[in-house]
Structure formats: C-alpha cells, structure tokens
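Please keep the structure open while reading.

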Amino acid sequence: MRGQLQALLRRAASTQGRSKIDIDWDNLSFNLDHHGQEMFCAVWNGPAKGWEGQLQDYGPLSLMPSAQALNYGQSIFEGMKARRTAKDRIVLFRPEMNASRMKDGARRLCMPEVPQHTFINAVEETVRANSEYVPPLGKGALYIRPLLFGSGPILGLAPAPSYTFVTYCAAVGSYFKGGQLKPIDLVVENKFHRAAPGGMGGTKAAGNYSAVLQIQRAANAKGFADVVYLDCKTDAYLEEVSACNIFVVKGRTIKTPPLTGTILPGVTRDSILQLARKRGYDVKEQPIPVVEALEADEIFTTGTAVVVSPVGSLTHKGKRRVYGGGVAPTPVGLELYGDLTAIQNEQTGDHFGWVHPV
Ligand code: COI
C-alpha cells in the first residue's frame, strides 16, 4: 500500500513537466524511439527477503565494470506485448508463460528465480505506468522487455553475488521492414550454428542473440531479412531463425521443429500450434529436413516481436525457392495470423483463456 502510494506520488511528480506524448502511430518501427518513461527495477535481497523493487524513471543503471553479466553473460530476457483491444482495454498475452520461461532460464544460468507473481506484477506496473505508450488498436503494441541478470561484481568464473530484474518498454510496430504481413526473404546458414545439444539454445539467454549477429548482418547485407539455422549434428534439419521460430506447411500438414533443447520454446509458437490444431490441421512437432522446406507450399515464422511473418523466399546453397509469388502473404500463415491477432485484440472470444487484462 505504502509502495503504491509512493509510486503514485512519484509518477505525479515525474509527469509534471513531461510534455504530452506525440507519436505518429501509423509509422511505428521496432525500436526505442518511443520508449516508456518508467521501468520497474528490483534487486535480489537474498532468500529471506527475495526480490524488492519499484517503478523508477527509465534511465541508466549503475554497474561495476566487473558485473557478472558484462563479463560472463549471466543474463536472460523476455519479450512480451501489451495491446489496446477492441474492448478498449489493455491486455497482455499469456504472461504466465514468459514468467515460467524466465524461471527455467534462471535455473539454467544459476540465478535466483523471479516468482510468477513478482514477474507479472512488474510487467503490469510497467504497462500501467506507461499506458499512454500503448498504441491504438491495430497500430502496434507496447513491447515489454523483462531482463534478469547478474549485476554484482565477480572476477573468477562464478555466479554473480547479486542480481537485478528490470522491466522496460517501448511502443513498437512491425519487426521486419515493410510492414507486418510483407513476406520476408530468408537464407539458410551453412557454416555457423545457433545452438548445440546440451547448450543454451532453449534458453532466452542474451548470448544466444549475440552469437548470430555476424551471420545476420552478412545476410542483411545481401538483402535477406533473416537467417535460418540448421541442426549442428547433420546440417540437414531446420532449427530456428535468429529472432523467431519457423513453421512449414504442405497441404493440410503443419510442421515445426520439436523442442529438444536447442530451440526456443516460443509463446507464439505454442499458440500457433494450438490454433492450427483447433482449425483441424495435421500438426506435427518433428525434425524438418531443409529439402522438405524447399518443397513446401509455404513457410512462416512466429515470435512475440514478429507475431506471424510469412516467408516469401528461402535460399539454400544458392538455390532460391519462392512461396506464394513472394509478394503476398501465403494463406495458412495468414489464416493463423488472423486467428491469433483476433484473440490478442479481443475481436473474438478468448477460447483458450490467453488474454490477461492489466
Ligand atoms: C521477441 O520476439 O520478443 C524476442 O525476444 C526476439 C528478439 C530478437 C526481438
């Protein structure tokens, strides 16, 4: 109660002098141009006290150069979206799944877990404090980035002596250039891998995303939107795209690679699997040979940031396969995109109980 009052007073003080936000909602991109003004920041005070945190102004964090996360990468994150819906309210989408994935990641990287109620409370407070950054219905979303990292100093390789959990946000539009449903061009990577069995591919660890930067940059320079990685044992099966999961469609069969530890267990991935089953598709989580993908009817990618992105072409060892003419979204991806966003925007019933009002 006292904390809530302090937050209210702090917010009133910080809003004074802040000019009313002026955002061109029709031209949002996926960047920090319109970051929220407040973030939730908590520190770990040991098993007896747990996490203690509050809202504060979005701004720099103070860290020693010896902070574990800066030196050894003890850092995980989540990606979530809050949307303004057809019911004129703001909702999150399946936040308990993000909370659970962050708990799994904390265990994998030897960090204290953030309990589900602490995680969801931090996200809700961040959304409420920055509600004016939630775009109007259909114009984008408030992207929320919860971060958990070893902030304490350490020299020898060991877990950090202290931890920070931060949640910040920004108003965003489509992830890939050209708009949400513009088909993207992907290239299959033949040399580098994103993850290996027994590694951290299934964890939302910051380092997984740095590991692909060099490859992604090279692909971008050749005009590709992103890269598809293959399994590191045989170089034959699809794994994941740098920033999203991948689905392959042939007739009424929809396949995505199984969660064997090298693939991120995406919230959107899981939602699309359920929606596709509900539509009566034959849905399979099984290894997909790259040659099968090249012969498929269509391919699409899924993720919180990308939502559902149709793939216009896939290039493998110099051969380019175009799907659906390469310019218009392909039908199955489009249908499932419609199903998913109708729920997220509360334009249809929430059959699965996925929507979480803030
Ligand atoms: C997300 O989809 O939310 C992610 O965290 C992926 C990131 C590369 C933007």
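Strands β6 (residues 141-150) and β7 run antiparallel and are joined by 10 bridges. This is a predicted model, in which local features need pLDDT of at least 70, side-chain atom pairs count only at pLDDT 80 or more, and totals for chains, interfaces and linings use all residues. Residues are numbered from 1 along each chain as its sequence is written.

**Strand β7 and its partners**
- Strands are DSSP runs of E with at least two residues, helices are runs of H or I with at least four, and both are numbered from the N terminus.
- Two strands pair if DSSP finds at least two bridges between them.
- Leu147 has Val166 as its bridge partner in β7.
- Strand β1 (residues 38-44) also pairs with β7, in the antiparallel sense, over 4 bridges.
- Val43 has Thr164 of β7 as its bridge partner.
- Strand β7 (residues 163-172) is mostly covered, with 10 of its 10 residues buried.
- Buried takes 20 or more other C-beta atoms within 10 Å of a residue's own, exposed takes 12 or fewer, and partly exposed is in between; C-beta atoms are placed from the backbone.
- Tyr163, Phe165, Thr167, Cys169 and Ala171 point one way from β7, while Thr164, Val166, Tyr168, Ala170 and Val172 point the other way.

**Positive phi in loops**
- Asp235 is not a glycine, yet has a positive phi of about 55°.
- Asp235 sits in the loop between β9 (226-230) and β10 (238-241).
- Asp235 is partly exposed, with 14 other C-beta atoms within 10 Å.
- Lys317 is not a glycine either, and has a positive phi of about 50°.
- The loop between β15 (307-316) and β16 (319-322) holds Lys317.
- Lys317 counts as exposed, with 8 C-beta neighbours inside 10 Å.

**Whole chain**
- The protein chain has 10 helices and 17 strands.
- Its C-alpha trace spans about 60 × 50 × 35 Å along the principal axes.
- Of the 358 residues of the protein chain, 44% count as buried.
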